[in-house]
Amino acid sequence: MLLVHAHPDDETIMTGGTIARYLDEGVDVRVLTFTLGEEGEVIGDRWAQLVADGGADQLGGFRIGELTGALAALSPPGGSPVQPWFLGGAGRWRDSGMAGSAAARHPRALVNAGFDEPVGVLTDILESFAPQVVITYDSAGTYGHPDHKLVHEVTAAALARVAASRPEQIKVYESVTEHSALQAGLVAAARRVRDGWRMPGPGELPSYPDAMVTAEIDVRTQYDRKVAALAAHATQVTVAPSGTEYALSNNIVQPIFGHEHFIRVDAAAVAGPRETDLFDGIG
């Protein structure tokens with residue numbers, strides 16, 4: 001299984017339980033991150049001067065340590081933890097920040113990489129690792145971040161190149177939030193919003209209609225490890241004392257889900273009941 005993500009913390013927020021579950025099942029799980037997340041907004045004062053804009057510009061290196069800790073939390077106890085893996089090596093491409101920001105004009109920003117170069121690097125990884133399952137973002141990049149959108153586009157292009165020379169079908173999933181799960185989580189969260197946090201406005205958190213979701217992975221057994229992994233990304237994520245919600249630097253309440261949701265998008269995807277195992281149909 002190969003999971004592709006844009007920045008450290010995305011892997012846990014979107015797919016942390018799925019990573020932990022399939023590691024528990026003995027699957028060779030690799031987490032590939034495209035940038036170091038240099039442009040993240042730091043929560044709190046302790047590491048605030050590491051930021052790129054007006055600071056030491058050391059946040060990316062620090063976030064390697066947070067990602068390492070998060071992957072260790074998601075790994076089965078007593079075994080060798082999953083190690084971070086960066087596209088082209090750590091620091092090859094830089095976090096692009098939001099569209100229109102100064103970060104997007106940085107010469108090493110991912111959005112300025114030139115499309116063919118990251119596609120070529122990812123194609124080589126797909127050919128050498130030969131995953132049976134790949135997890136990526138939707139075309140909107142979940143919430144519109146330029147790096148997320150580019151990860152989606154690069155992954156699609158690399159998969160198309162590999163498909164031309166590899167007879168085996170790769171199951172491809174986009175990680176999404178199910179609408180009813182989000183609403184249920186927010187209803188529960190509304191009873192215990194901590195000081196300084198706020199509930200999201202209508203449509204402020206992206207989600208998909210339930211009918212569009214094609215796979216639902218039960219990660220309740222791995223839930224505590226997912227919470228610990230979120231807490232490991234402390235410059236970016238604050239976990240509520242309840243362990244059932246978190247917030248980013250915008251202080252908007254978001255539920256921590258015990259089920260993670262996906263939409264299968266490869267050419268062999270067919271309508272039918274929701275999958276409960278992303279490896280269904282793989283011999």
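These exercises work through salt bridges and strand pairing in a predicted model.

**Exercise 1. Which parts of the chain does the salt bridge between R94 and E39 link?**

Step 1. Start with the contact. The side chains of R94 and E39 meet in a salt bridge, at 3.1 Å from N to O.
Step 2. R94 sits in the loop between β3 (85–86) and α3 (116–129), and E39 in the loop between β2 (30–33) and α2 (59–74).
Step 3. Conclude. The pair links distant parts of the chain, 55 residues apart.
Step 4. Widen the view. E39, D57 and R94 are linked in a network of salt bridges.

**Exercise 2. Is R94 buried or exposed?**

Step 1. Take the cut-off: buried means under 20% relative accessible area.
Step 2. Apply it. R94 has a relative accessible area of 5%, so R94 is buried.
Step 3. Turn to its partner. E39 has 24% relative accessibility, so E39 counts as partly exposed.

**Exercise 3. Describe the salt bridge between R198 and E204.**

Step 1. Give the distance. The two side chains meet at 2.7 Å, N to O.
Step 2. Check R198. Its relative accessible area is 38%, which means partly exposed.
Step 3. Check E204. At 35% relative accessibility, E204 is partly exposed.

**Exercise 4. Which residues in β10 are the bridge partners of V176 and D218?**

Step 1. Locate the strand. β10 covers residues 259–264.
Step 2. Pair β10 with β5 (residues 171–176). They run antiparallel, joined by 4 bridges. Here V176 has H261 as its bridge partner.
Step 3. Pair β10 with β6 (residues 215–218). This pairing is antiparallel, over 4 bridges. Here the bridge partner of D218 is H259.
Step 4. Look at the cover. β10 is mostly covered, with 5 of its 6 residues buried.

Technical notes
Residues numbered from 1 in each chain as written. Predicted model: local features only at pLDDT ≥ 70, side-chain atom pairs only at ≥ 80, totals over all residues. Heavy atoms only, no water. Salt bridge = Lys/Arg side-chain N within 4 Å of Asp/Glu carboxyl O. Helix = DSSP H or I, 4+ residues; strand = E, 2+ residues; numbered from the N terminus. Buried < 20%, exposed > 50% of the residue type's maximum accessible area, 1.4 Å probe, protein only. Pairing = 2+ DSSP bridges.
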